[in-house]
Amino acid sequence: MLYSIPWYVVLFQSIPEMFLLIILGFKLFNIDVNFKKTLLVSLLISIIVYIVRKFASVYGFHTVIFIFFSLILIRIILKMNIAYSFICIVTSLLIDGLLQSILTPVLLSLFQSAPEGLITSPWLNIVLFIPSGLLMFLLYIFIKKRKVFLFDLKIYENDAKYLFKDKSLLVLFTVLIQGIFITVMNQTFYLSQQTYVLGGIEYTIINIIISVFTILVLFSIKGLGDDIKDKVEMSLLKTHLEQIEDLFKALRVQSHEHKRHIQTIQAMVYLDEIASAKEYIDGLSEGYSYTDDIIYVENMALTALINGKRKVAEISNIDFKFSINCSLGELKIDSWDLCSILGNLLDNAFEAVRKEKHHRLVKLDIDCSEGTYIMEVSNNGAKISKDQMDKLFEPGYTTKESVGRGYGLFLIKNLLDKYKGSIEVYSTDKTLFKIILPKGEGNRND
């Protein structure tokens, strides 16, 4: 049976609990929220639930109301999508339910009180909330400092439609709905008279089973997050291997051409056709194209990337210039991550200059300075406005009307955070993306 609560329980338990539910829920999925706005949302939801508890008689109904109005108010005040807000809120509710299922029977036993004591002595609600609230806060601090989360939901932050297309996340929705249903039913069962019918031991066993189930749900969420992360890494690795394959194909073609020319010249020399051999060599020299040559740099992955982009630039009539003015031996970054960072920046630069009617210029410069690598990708395309500059690294933001766009720069920012690097953007007479990566011991590039 659902029971009403006095105003001081709302003030000292409901509002703090809902505040913790929101900030912890979003932090579990690597999303930060504005504390002031979150406090406002918590206040409004607490008032709504307070009113509902006065008139509703079915336990668990206020949980449904809480979820419903949380999603609406978060959308209105925090400007976040309802889809991933649901995932965050329900996950934090599962954690809160798990803590309550474990702590409430223990604390009531210490106070020598039965569950109906929560109705006759409302202050017990506040006392029982303090341990679980403290644990939720400590969990939030741990996640924030360690930067660990179930999985990164930011990639869907501005693209809820794409979120529903991901079958893995549809599984997550189903698991969360089942989990919250079982948690609510467990609390309903505990507060009902059936607890006394079964006895303490039976309920304890049931409570342990449900707690284990809840923990397994959280591990399942983590597993789905790892699966999504693996998909992204596999996509990057596939792109990297395709670039290497293109380089090997170019090398095979070049080797075949060189072998054929050498055989022709060798035959002329054996036949003592020296004049014809000289003429043949002169013809090869005059028709020799710079873009037919393979450019080699110290890093094999970068070699593949640069040569691939040179071919793209040639086809698109883009003047692609690059310079590497230092050794890359201390560049401690996985080769596919390096290609993902520079490849995305070069793709954006090529796309930016394609609208230029005259000279299309894209440059890549790599230098070293005081223990850091500085990589600059610039182009002479259209300038980036201030409004666009503020949104460049937001997931899903793009000026192009196409599915799946808008995550390149967001991905770059995440990769740079992984390697403790940074990115700066300037757009005046030219647009410049400046990457700064620290040097490291050893070399992770193959």
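What follows is a short chat about strands, salt bridges and a helix pair.

Reader: Before we start, what kind of model is this, and how are the residues numbered?
Author: This is a predicted model, where local features need pLDDT of at least 70, side-chain atom pairs count only at pLDDT 80 or more, and totals for chains, interfaces and linings use all residues. Side-chain values use heavy atoms, with hydrogens and water left out, and residues are numbered from 1 along each chain as its sequence is written.

Reader: Okay, strands. How many bridges join β2 to β3?
Author: Helices (H or I, at least four residues) and strands (E, at least two) are DSSP runs, numbered from the N terminus. Two strands pair if DSSP finds at least two bridges between them. β2 covers residues 361–369 and β3 covers residues 372–379. Those two run antiparallel, and the number of bridges joining them is eight.

Reader: Which residue in that hairpin takes a positive phi?
Author: The hairpin of β2 and β3 has two residues between the strands. Further along the pairing, Val362 stands opposite Asn379 in β3. The positive phi, near 50°, belongs to Glu370.

Reader: Which residue of β5 is the bridge partner of Ser378?
Author: β3 also pairs with β5 (residues 431–438), in the antiparallel sense and over eight bridges. In β5, the partner of Ser378 is Leu432.

Reader: And how many residues of β3 are buried?
Author: Buried means under 20% relative accessible area, exposed means over 50%, and partly exposed is in between (1.4 Å probe, protein chains only). β3 is mostly covered, and of its eight residues the buried ones number six.

Reader: How far apart are the closest N and O atoms of Glu330 and Lys439?
Author: Glu330 is in the loop between β1 (319–324) and α13, and Lys439 is in the segment after β5, 109 residues apart. Both count as partly exposed, Glu330 at 41% and Lys439 at 30%. Their closest N and O atoms are apart by 3.9 Å.

Reader: What is the handedness of the crossing of α13 and α15?
Author: Their axes come within 10 Å and cross at roughly 145°; axes are lines fitted to C-alpha atoms, for helices over the stretch in contact, and angles run from 0 to 180 degrees between N-to-C directions. A crossing is left-handed if the near helix is turned anticlockwise from the far one by less than a right angle, and right-handed if clockwise. This crossing is left-handed.

Note on methods:
A salt bridge is a side-chain nitrogen of Lys or Arg within 4 Å of a carboxyl oxygen of Asp or Glu.
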